[in-house]
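Hi everyone, thanks for making time.

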Amino acid sequence: MSRTVRGKVAVVGIGETEYYKRGEAPDAEFKLALKAILAACEDAGISPKRVDGFASFSNDRSDPSHLAAALGVDDLRFANMQWGGGGGGGSGAIANAAAAVATGMAECVVVFRALAQGQFGRFGQGPQRDVIAGDGAHTVPFGLMSPAQSFAMKVTRFMHDHGVEQNALRAISLASYHHAQNNPRAVMHGRPLDEEKYDNSRWIVEPFHLFDCCLENDGAAAMVLVSAERAGDFPHKPAYILSALSGSHYRAGASVHNTPDYASSTFKTVVPRLYDMAQVKPADVNVLQCYENFTGGVLMSMVEHQFCDPEGCNEFFVKDNLIAPSGKLPTNTSGGNLAECYMHGLGLNIEAVRQIRGQSTNQVDDVDVALVASGPMVTPVSSSIFGTEATL
Amino acid sequence: MSYLAAGLPKPVPAPDGLDSPFWEAASRDVLMLQRCGSCSEFQWGPEWICHRCHSEDVGFEEVRPVGNIYSYERVWHPVHPALKDQGPYIIVLVELPECNNVRLVGNLMGDPEQSVEIGAPVQAFFEHHRDAEPPFTLVQWEKV
């Protein structure tokens with residue numbers, strides 16, 4: 001088992017800025033990135049000058065060389081971007097950073113994501129130009145132009161194939177908002193959601209109500225990765241990486257909605273490799289963070305991570321099963337992208353580390369294994385599994 | 001007849017010419033899709049080589065403009081200023097069984113609040129915008 005990152009790398013520092021509604025961050029995006037990295041280094045008890053690598057995803061605009069210059073990094077050894085949009089690279093960036101540390105290319109790598117949509121424009125809007133060419137010419141003129149619109153047709157087909165009802169999606173949203181009420185960092189802290197409010201909320205695009213859709217936020221998040229040999233030298237309990245990898249199925253990237261396996265969250269080929277590397281089974285997972293661009297993607301991801309049979313969704317996806325500490329599988333325990341903050345999902349990985357440490361505001365008892373699924377329905381997607389020292 | 005309000009980005013052929021035959025044919029009420037000259041299989045969207053046999057001999061061929069609804073969505077929230085007063089509209093993903101089940105995106109003509117059944121047969125409706133600058137044609141769909 002030499003060709004694995006299992007147990008070779010640990011997260012020893014996590015940091016976040018305050019989370020803001022989109023357009024409301026008082027700082028520039030690059031400064032947000034710096035603040036999150038400084039916070040993660042402080043959490044790890046290290047000087048930012050000793051960081052020697054940066055990894056990010058989704059075309060983050062904060063260039064590693066500029067970051068290294070701004071932080072006074074002594075010796076930049078690793079500068080990495082995971083290809084692909086949306087949140088699909090959240091765990092992939094961690095995988096890349098872990099690979100660099102495990103193979104000795106770098107010693108101390110920061111994984112980060114920074115977003116200031118007020119500074120750079122929103123995700124949830126269509127293109128505002130006069131003409132469009134290429135793949136977009138075959139979708140945008142029909143009014144298919146936002147992420148919600150791109151993914152709703154996949155979810156509709158999945159729900160049709162497996163008889164999934166709207167209440168299954170609702171349960172995912174209710175659980176996220178439930179967790180956010182205990183999390184003072186959450187943008188939706190103090191804004192609870194119940195069944196009636198969900199049911200009465202407007203449609204964005206069927207089958208997504210308003211509360212099925214992620215937030216749009218400004219902020220930044222970062223984590224510090226070092227080799228397992230050094231992990232005991234830091235102030236907090238290490239979160240060891242048991243597995244982290246990315247991928248997608250045959251022609252997942254076929255244009256104009258032509259991927260053969262259409263009604264998929266794109267995880268089917270990733271998940272067997274994920275569990276093999278981690279040497280855990282779905283039943284071993286104590287707590288789940290599952291990227292929510294839209295609730296339908298969460299549902300499909302959880303099915304493809306083998307937590308639920310596709311024909312059993314209506315029974316499995318009820319709020320009580322998804323909430324900490326007592327649910328069958330507490331999910332999105334920070335409030336996640338729906339109710340904590342949309343930081344392209346890196347916040348989900350940070351929440352997984354908190355659960356391993358025992359520091360979540362919705363802590364699950366006796367967590368040894370925490371799984372993160374990043375970015376459903378895009379390509380590539382990625383997943384990561386974190387474990388305590390006891391799992392090594 | 002135009003299904004959606006005017007003002008969305010207008011489709012133009014790709015500058016590299018990859019999908020030009022599709023748009024030219026649509027302006028003549030003809031549906032042309034990409035077919036490999038070597039292995040005879042269809043593929044869509046258009047690509048530079050055949051993804052099955054990797055032949056560069058990929059051309060366009062007229063096909064019967066009929067298919068089945070593979071999936072659909074009813075959009076309510078406008079994400080473009082041109083659709084501010086549009087109200088709901090239906091996007092369908094149409095599968096063409098006679099063409100290796102390639103899929104096309106379009107709108108479903110008719111009542112935007114009509115019920116839609118996955119698997120229902122549809123035929124193309126060529127929605128011309130001859131007075132637009134530049135002029136273009138959208139391949140829309142209507143129930144058979």
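Okay, let me start with a question: which residue in β1(B) is the bridge partner of Val131(A)? Find Val131(A) in your view, then look across to chain B: the partner is Lys10(B). Do keep in mind that this is a predicted model.

That pair belongs to something a bit bigger. β6(A) and strand β1 of chain B, residues 10-11, are joined by two bridges, and these strands run parallel.

Now let's step back to the whole contact. Chain A puts in 37 residues, and chain B puts in 33 residues. On the chain A side, the elements giving two or more residues are β6 (131-132), α5 (147-162) and β7 (203-205). Which of them has the largest share? That would be α5(A), with six residues. And if you sort the chain A side by class, you get 16 nonpolar, 14 polar and seven charged residues.

Okay, next up: a pair of helices inside chain A. Look for α6, residues 166-180, and α9, residues 295-304. Their axes come within 9 Å and cross at roughly 100 degrees. Angles of 65 to 115 degrees count as roughly perpendicular, so α6(A) is roughly perpendicular to α9(A).

Who's touching whom there? From α6(A) we have Ala168(A), Leu169(A), Ile172(A) and Ser173(A), and they meet Thr295(A), Gly296(A), Val298(A) and Leu299(A) from α9(A). By class, this helix contact has five nonpolar and three polar residues, with no charged ones.

Notes:
Residues numbered from 1 in each chain as written. Chains lettered and ligands numbered in written order. Predicted model: local features only at pLDDT ≥ 70, side-chain atom pairs only at ≥ 80, totals over all residues. Contact = placed C-beta atoms within 7 Å. Helix = DSSP H or I, 4+ residues; strand = E, 2+ residues; numbered from the N terminus. Nonpolar A, V, L, I, M, F, W, Y, C, P; charged D, E, K, R; others polar. Pairing = 2+ DSSP bridges. Axes fitted to C-alpha atoms, helices over the stretch in contact; angles between N-to-C directions. Parallel < 35°, antiparallel > 145°, perpendicular 65-115°, else oblique.
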